[in-house]
Amino acid sequence: MGGYLVEDARKVTTHRLIEMKQQGKKIAMLTAYDYTMARIVDGAGMDVILIGDSASNVMAGNATTLPITLDQMIYHARSVMHGVQRALVVCDMPFGSYQVNPTEGVANAVRIMKESGCDALKLEGGVEIIDTVRAILAAGIPVMGHLGLTPQSINKFGTYAVRAREEAEAEKLVADARLLEQAGCFALVLEKIPADLAARVASGLSIPVIGIGAGNRVDGQVLVIQDMLGMNQGFSPKFLRRYADLHTVMTDAIGQYVTDVKRSDFPNEREQY
Ligand code: KIV
């Protein structure tokens with residue numbers, strides 16, 4: 001795995017992530033939604049690949065994560081699985097697939113696991129969905145929790161602003177995090193909350209806490225791949241670091257191709273049979 005900071009070439013497991021927390025080793029997590037990207041992300045040494053329901057935004061162009069369906073998530077997850085050898089692969093359960101009741105939640109969780117072959121599932125919420133989390137865990141399926149800004153509840157929040165700035169919401173988040181750990185979740189995502197609160201949650205739990213917009217005093221970080229590669233110029237929250245400007249790189253390359261075709265410069269003699 002050419003030159004990247006990968007200390008252990010073995011397949012990443014949920015147990016390995018907990019060991020990494022115990023050893024103070026940070027966990028790198030990134031989204032992917034298709035085979036080609038997943039191969040690149042896995043080859044670069046990612047610990048965890050998330051098939052996020054952010055596919056609804058960045059792959060399908062929807063304004064929220066709500067419209068993406070179970071079948072669409074399974075399609076993305078199966079495509080990603082074909083490209084991954086080492087990373088632990090976690091798939092989001094989409095809105096509506098686990099909120100109705102535990103029985104439906106388990107049936108949908110089993111479908112994702114069976115039809116995609118992914119390693120674990122992620123669900124948004126705390127006490128409100130704890131019976132479903134327990135039922136999915138009881139079926140032998142590893143669960144990652146997700147608290148703070150939970151985009152599937154955008155219509156309840158009404159805004160994508162930072163969550164849990166107020167004491168009451170912060171205390172509920174701390175209690176929900178404990179509940180998810182006690183239920184048996186193997187990790188927890190904290191999205192867009194104050195860094196001090198995230199650090200308090202991470203130091204109080206034995207499972208790893210992965211942050212997005214939650215500061216550096218947690219056990220790992222996650223970003224959406226289109227955002228960190230600079231493909232998505234319209235989205236620039238404070239927490240986002242852009243590692244490339246692929247929008248410019250791709251626009252220049254595609255523009256050059258258009259020019260070459262129109263000038264009859266492509267293909268040349270060496271590019272034909
Ligand atoms: O859907 C997603 O991409 C996510 C991450 C932002 C954590 O849930």
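**View 1. Lysine 122 in strand β4.** Lysine 122 lies in strand β4; helices (H or I, at least four residues) and strands (E, at least two) are DSSP runs, numbered from the N terminus. This is a predicted model, in which local features need pLDDT of at least 70 and side-chain atom pairs count only at pLDDT 80 or more, while totals for chains, interfaces and linings use all residues. Residues are numbered from 1 along each chain as its sequence is written, and side-chain values use heavy atoms, with hydrogens and water left out. With a relative accessible area of 3%, lysine 122 is buried (buried means under 20% relative accessible area, exposed over 50%, partly exposed in between; 1.4 Å probe, protein chains only). Leaving aside neighbours within four places in sequence, lysine 122 is in contact with Leu50, Val90, Cys91, Asp92, Met93, Met144, Gly145, His146 and Val189, where contact means heavy atoms within 4.5 Å.

**View 2. Pairing of β3 and β4 within the barrel.** The strands β1-β2-β3-β4-β5-β6-β7-β8 form a closed barrel of 8 strands with parallel pairing. From one strand to the next, the twist averages 25°. Strand β3 (residues 88–92) runs parallel to β4 and is joined to it by 3 bridges; two strands pair if DSSP finds at least two bridges between them. Aspartate 92 stands opposite lysine 122 of β4.

View 3. Strand β4 (residues 120–124) pairs with β5 in the parallel sense over 4 bridges, and glutamate 124 stands opposite histidine 146 in β5.

**View 4. Burial of β5.** In strand β5 (residues 143–148), 6 of the 6 residues are buried, so the strand is largely enclosed by the rest of the structure. In a regular strand the side chains alternate between the two faces of the sheet. Val143, Gly145 and Leu147 are buried on one side of β5, and Met144, His146 and Gly148 on the other, so both faces are covered.

**View 5. Packing of helices α5 and α6.** Helix α5 (residues 102–116) and α6 pack at an angle of about 45°, with their axes 9 Å apart; axes are lines fitted to C-alpha atoms, for helices over the stretch in contact, and angles run from 0 to 180 degrees between N-to-C directions. The two helices α5 and α6 are therefore oblique to each other (angles under 35 degrees count as roughly parallel, over 145 as roughly antiparallel, 65 to 115 as roughly perpendicular and the rest as oblique). Pro102, Gly105, Val106 and Ala109 of α5 meet Asp131, Thr132, Ala135 and Ile136 of α6.
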